[in-house]
Amino acid sequence: LATILEFLDADGAAVCLKDARDLLGATPDAEQTRALAAWLAANVQTDVFATQALGRLYPPAEAFAEAASGVLALNITPGKPDYVLWFRREQVQTVTWGGDPTKPVEVVDDGSMRLSPRKSFTAWQETVSDQSRRWKPVEVTMARELRGVIVAVVLEQAAELTRLNFELQQSNIELDSFAYVASHDLKEPLRGIHYYAQFLLEDYGDQFDDEGRERLQTLTRLTQRMDDLIESLLYFSRVGRVDLLHSPVDLNEVVREQVELLRPALSQAGMTVRVTGPLPIVQGDSSLLGEVFQNLLSNAIKYSDKPDKWIEIGVLADAPASSAGGSVTLAPNPRSSTAVVYARDNGIGIALEHQEVIFQIFRRLHARDEYGGGTGAGLTIARRIIERHGGRMWVESAPGEGSTFYLSFDA
Ligand code: ADP
């Protein structure tokens with residue numbers, strides 16, 4: 001931005017792109033800049049527009065006349081409020097006229113016109129305010145040339161992004177089919193090992209001593225665990241490949257169904273479920289979304305050591321833009337149409353350094369059989385389901401203080 005400011009001899013500069021605004025030097029404030037860009041987009045057709053007296057064309061500019069009476073505006077995307085703006089301060093000038101500029105033009109005997117009282121040679125002075133120094137034609141030309149360069153770079157980046165996206169999609173597809181094929185083919189020999197261990201136990205059990213039998217039992221347990229892991233991997237790859245249903249899904253209904261399904265486990269754990277809603281209606285696949293809530297509810301049961309456990313499901317009042325994950329500080333954005341649903345529990349909580357790890361496949365924070373066991377795939381699958389719905393999933397938590405899982409949905 002400093003380079004942009006130096007590009008023209010200006011007192012302030014702003015770059016308005018999408019919803020973001022960067023300001024440097026003497027400028028209107030962020031909201032005034034946004035409104036100015038919107039006004040320019042609606043009223044100015046040219047790529048480059050310059051005035052040294054903005055207040056005369058756009059009355060709201062009088063509020064910031066001192067900081068920015070003059071503006072040179074460079075439109076990046078036609079019809080959109082995407083602008084690079086340069087501002088110049090007000091320069092109160094004293095203009096000396098040859099005559100009283102307010103006096104009407106006088107027609108003299110020979111038919112020519114002249115200003116009166118020219119003949120007295122009195123200098124008339126007027127103070128001109130709400131104006132900045134003029135923008136020189138060369139400056140306007142420089143801005144126009146800069147626009148060409150910016151547009152070329154933006155176009156190039158967009159093309160590069162499309163290419164990378166395509167490659168990423170391809171490699172995701174390949175990875176999914178690899179996971180599918182690998183896990184599918186692993187199941188076969190695994191089943192063999194499992195049967196042989198069982199067979200040894202049943203038919204030759206009496207030929208082993210206690211230690212031998214115990215080892216065979218461990219072997220069958222391990223094959224069972226490996227089978228669970230493979231199943232999770234297969235399911236994870238399936239969630240990445242299946243075509244999603246796209247219909248309106250009432251999340252109130254989805255949560256109600258899952259609570260009903262889990263009722264025995266919930267009451268056994270002494271867990272209260274509160275839904276502070278109404279929850280939104282989103283576009284998507286109700287059975288996959290049901291699995292996400294099932295995972296959140298069963299994790300809330302598993303990862304709690306409190307006698308009176310609770311989980312609260314609700315929607316954030318000010319829907320913020322979604323986070324890419326990890327810790328989040330969200331600026332409320334009332335114009336965004338993102339709905340963010342949360343599930344907050346009073347469980348054991350998760351340390352900051354583990355808040356991304358838990359979304360990785362097969363990652364558990366506990367010993368295999370602690371806290372009810374599990375393969376460590378539940379949250380990975382849940383996040384994938386939400387991402388396939390165009391949303392994001394992340395957690396905020398502190399050890400001992402419970403966890404809040406967030407799901408964002410584009411409405
Ligand atoms: P699993 O429950 O099979 O281990 P998940 O992917 O569902 O797999 O969870 C991964 C890890 O995240 C869990 O092992 C646990 O350590 C942590 N975790 C998940 N949900 C919660 C929760 N509500 N509170 C505390 N820790 C949680």
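**Figure 1. Arg 34 and Glu 31 pair up within helix H2**. Arg 34 has a relative accessible area of 29%, so Arg 34 counts as partly exposed. The model shown here, as in every view below, is predicted. Glu 31 is also partly exposed, at 46% relative accessibility. The two side chains meet in a salt bridge, with 2.7 Å from N to O. Side chains of opposite charge can pair when their charged atoms come close. Both residues belong to helix H2, which covers residues 30-43. They sit three residues apart, or about one turn of the helix.

**Figure 2. Lys 187 meets Glu 231 in a salt bridge**. The N to O distance is 2.5 Å. This pair links distant parts of the chain, 44 residues apart. Lys 187 lies in helix H4 (residues 137-204), while Glu 231 lies in helix H5 (residues 210-241). Buried or exposed: how does Lys 187 count? Lys 187 is buried, because its relative accessible area is 12% and the cut-off for buried is under 20%. Glu 231, at 37%, is partly exposed.

**Figure 3. Glu 356 forms a salt bridge with Arg 383**. Their closest N and O atoms are 2.9 Å apart. Glu 356 is in the loop between strand S14 (338-345) and H9, and Arg 383 is in helix H9, so the pair ties together parts that lie 27 residues apart in sequence. Glu 356 is partly exposed, with 33% relative accessibility. Arg 383 is buried, with 12%.

**Figure 4. Glu 160, Arg 163 and Glu 167 are joined in a network**. The links between these three residues are salt bridges. How many salt bridges does a search of the whole structure find? The search finds 17.

**Figure 5. Arg 384 is buried in helix H9**. This helix runs over residues 378-388. The relative accessible area of Arg 384 is 15%, which means that the residue counts as buried. Which residues does Arg 384 touch, leaving out those up to four places away in sequence? They are Asp 176, Phe 236, Ser 237, Val 239 and Gly 240.

**Figure 6. Polar atoms of the protein lie by oxygen atoms of the ligand**. In the side chain of Arg 364, an N or O atom is 2.6 Å from a ligand oxygen. Leu 379 uses its backbone instead: an N or O atom there lies 2.7 Å from an oxygen atom of the ligand. Asn 295 has a polar side-chain atom 3.4 Å from a ligand oxygen. How much of the ligand does the protein cover? On its own, the ligand has 530 Å² of accessible area, and the protein covers 98% of it.

**Figure 7. A shell of 21 residues lies around the ligand**. Those that come nearest are Tyr 303, Asp 345, Arg 364, Gly 376 and Leu 379. Which element gives the largest share of the shell? Helix H8 does, with three residues. By type, the shell holds eight nonpolar, nine polar and four charged residues.

Terms used: Residues numbered from 1 in each chain as written. Predicted model: local features only at pLDDT ≥ 70, side-chain atom pairs only at ≥ 80, totals over all residues. Heavy atoms only, no water. Helix = DSSP H or I, 4+ residues; strand = E, 2+ residues; numbered from the N terminus. Buried < 20%, exposed > 50% of the residue type's maximum accessible area, 1.4 Å probe, protein only. Contact = heavy atoms within 4.5 Å. Near = heavy atom within 4 Å. Polar contact = N/O pair within 3.5 Å; in protein donor to acceptor, adjacent residues only side chain to side chain. Areas by Shrake-Rupley, 256 points an atom, 1.4 Å probe, with all protein chains shown as cover. Nonpolar A, V, L, I, M, F, W, Y, C, P; charged D, E, K, R; others polar. Salt bridge = Lys/Arg side-chain N within 4 Å of Asp/Glu carboxyl O.
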